[in-house]
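Visitor: I'm new to this one. Can you walk me through it?

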Amino acid sequence: MEAVASVEKTKFSRRWDMKRKEFLMLLRQPGLLLAVLIVFAILFLFCVYPLIRLFISCLTDESGNINFNNIRYIFTKTDYFRAFWNSIKLGAFVGVFATIVGYIYAFAIKRTAIPGKKFFNMMAMFPILSPPFVISLAVILLFGRSGIITKNILGIEGNNIYGFTWLAIVQILSLFPLSYLNISGMLESLDSSIENASRSLGASRLKVFLTVTVPLSLPAILSSFLIVFAKSLCDLGNPQVLAGDYNVLSVSAYLQIVGLYNLKTGSLIALTILLPCMLAYIIQNYWVSKRSYVTITGKATGQVELITEPHIVIPLFIILVLLTAFTILMYGTVIYVSFVKTWGVNWTLTLDSYKFILKRGANAIKDTLFLSAISTPVTALLGMLISYLLIRKNFIGKKLMSISTILPFAVPGIALGIGYVVSFNTKPLLLTGTAFIIITAMVFRTLSISVETGSNSLRQVDPSIEEAATVLGASNVRVFFNISLPIMKSALFSGLVNTFVRSMTSISAVIFLVSVNWNLLTVSILSEIESQRMSAACAYCVALMVLVVLAIAVLELLVKQIFGRRRKIYE
């Protein structure tokens, strides 16, 4: 017993000495200390504080006294445990298959000589160019009880699409682009000389893929699963439309808030989604921290040897064609409906819906573009900075910083939005009704994706490159902007695209934050759907998709200009 106690004391002493050294090193670098303090202050104010305030409000009564009635109500009066298990099962299933589909898609484009890369890359973006409930709506119109395909073409009467199966399919289609963007950035930064060396030693394509490419891809694979898993748990639009009797936590929370006007109970249900999300995050971080994934060392790297064998290229091409065809079918339906006078009644083609949205929704379009344009660069640069601090620097509270970035992403958007309302509704932090509160919700709702993509890129780079610059006298700021940030350019572009798209299509996190002064396209779309003006809703969606595609092209040009050379995205 004394020996065990002595060993534990030694371990504690070592950890204490390590923390003390990290603290002293931080004090010797005032620039780094300032950056860490600023980041911590920002993360606490906009990521941690709103959730703490919301949690406290859920456990107190009107007088401010502690009250556990809401917890008892959840466990005794609601179908919480069934909804919790359903959410976990759905999230795990969608996380696994969306990550697999995203990896196949990224590998086909980045590692093979598959034709039409530019087209496939563009089509992969469409599932995240619009609110997810629009894809669910297209599924109902095509495959529902009165669907065009099921009833009018196949003659199937009363086809039931509500439940786990179609909900999972729609979520996989909606979320695999997040995995694709994350993994494609990693594959692009991965030094292919290791794969080329394995081939030179006689390894087959399959063996190289299984023993070299996939193991080096594990950080991106695990982070992609985490992102998709959390997003599936927090998704409100798709389950609300397609879940049917398959009850999930996000819909339960929404119904408590909107249907029963039970704000505290609904918020508490939403907050419990944090538990599985944080558990998945801790497991992923523990796994990655135990391994090394460095492939870029500062030495000359090999050129990517694209796979040309027909038995590999043709099956991958067929998979991408099928995914693309299904995507075109979904969005083609949305585009077609936008030109129809009245869906299901008057099939006359007209531009009335577009005239309607340009007249009635002009302010929503302007507000959405303006707010997204501000939140996008802020999120991307803040994400790259936090990635740099987490991967390259040692300081007290690093794990706390890492967890803080994922909190707003891990909870349902409705919980984050209500948390912002509760936290910033009184002076001196009176932000409710302003553009600033919507921008901050957009920034911190998507920050974790930018941090993950930046971290995955830095894990591929040997720290000696940056250390050499430091030895030559470069400051931390100069090393970050001149070396680390250019190395992370693929992750930066992915972060910009992800942030802008999610800001443009955000609904659950901002639906409680819009005001008479600031409106958003997604809120307008939901309003049109609830009013059964399907053609106008689809016209809004088409306008949103066009704006996002144009913005992505502009972002790509900006990234090329900033880093001084052409970025080969599709090769």
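Guide: One definition to start: angles under 35 degrees count as roughly parallel, over 145 as roughly antiparallel, 65 to 115 as roughly perpendicular and the rest as oblique. Axes are lines fitted to C-alpha atoms, for helices over the stretch in contact, and angles run from 0 to 180 degrees between N-to-C directions. This is a predicted model, where local features need pLDDT of at least 70, side-chain atom pairs count only at pLDDT 80 or more, and totals for chains, interfaces and linings use all residues. Residues are numbered from 1 along each chain as its sequence is written, and side-chain values use heavy atoms, with hydrogens and water left out.

Visitor: At what angle do α11 and α19 pack?

Guide: About 40 degrees, with 9 Å between the axes of α11 (residues 218-234) and α19. The two helices are therefore oblique to each other. Helices here are DSSP runs of H or I with at least four residues, strands are runs of E with at least two, and both are numbered from the N terminus.

Visitor: Which residues make that contact?

Guide: From α11, Leu-226, Ile-227, Ala-230, Lys-231 and Cys-234; from α19, Ile-406, Phe-409 and Ala-410. Contact means heavy atoms within 4.5 Å. The residues of this contact divide into seven nonpolar, no polar and one charged. For those classes, Ala, Val, Leu, Ile, Met, Phe, Trp, Tyr, Cys and Pro count as nonpolar, Asp, Glu, Lys and Arg as charged, and the others, Gly among them, as polar.

Visitor: How many helices and strands does the chain have?

Guide: The protein chain has 26 helices and two strands. Of its 571 residues, 54% are buried, meaning under 20% relative accessible area, with exposed being over 50% and partly exposed in between (1.4 Å probe, protein chains only).

Visitor: How many residues of α20 are buried?

Guide: Nine of the 11 residues in α20 (residues 413-423), so the helix is mostly covered. Among the buried ones are Ile-414, Leu-416, Tyr-420 and Ser-423. Their cover includes α2 (30-58), α13 (249-259), α14 (263-271), α19 (398-410) and α21.

Visitor: And what does Leu-513 touch?

Guide: Gly-417, Tyr-420, Val-421, Ile-437, Ile-438 and Ala-441, not counting residues up to four places away in sequence. Leu-513 lies in the loop between α24 (489-505) and α25 (521-530), and counts as buried at 3% relative accessibility. The C-alpha atoms of Leu-513 and Thr-432 are 6.9 Å apart, though 81 residues separate them along the chain.

Visitor: Which residues touch the most other members of the largest nonpolar core?

Guide: Tyr-105, Met-330, Ile-386, Met-401, Tyr-420, Phe-444 and Ile-525, in a core of 159 residues. Such a core is a set of buried Ala, Val, Leu, Ile, Met, Phe, Trp, Tyr and Cys residues joined through side-chain atoms within 4.5 Å. Leaving aside neighbours within four places in sequence, the contacts of Phe-444 include Ile-42, Phe-46, Pro-408 and Tyr-420.

Visitor: New topic: how many disulfides are there?

Guide: Zero in the whole structure; a disulfide here is a pair of cysteine sulfur atoms within 2.5 Å.

Visitor: Last one: is Glu-452 buried or exposed?

Guide: Buried, with a relative accessible area of 10%. Glu-452 is in helix α21 (residues 435-459).
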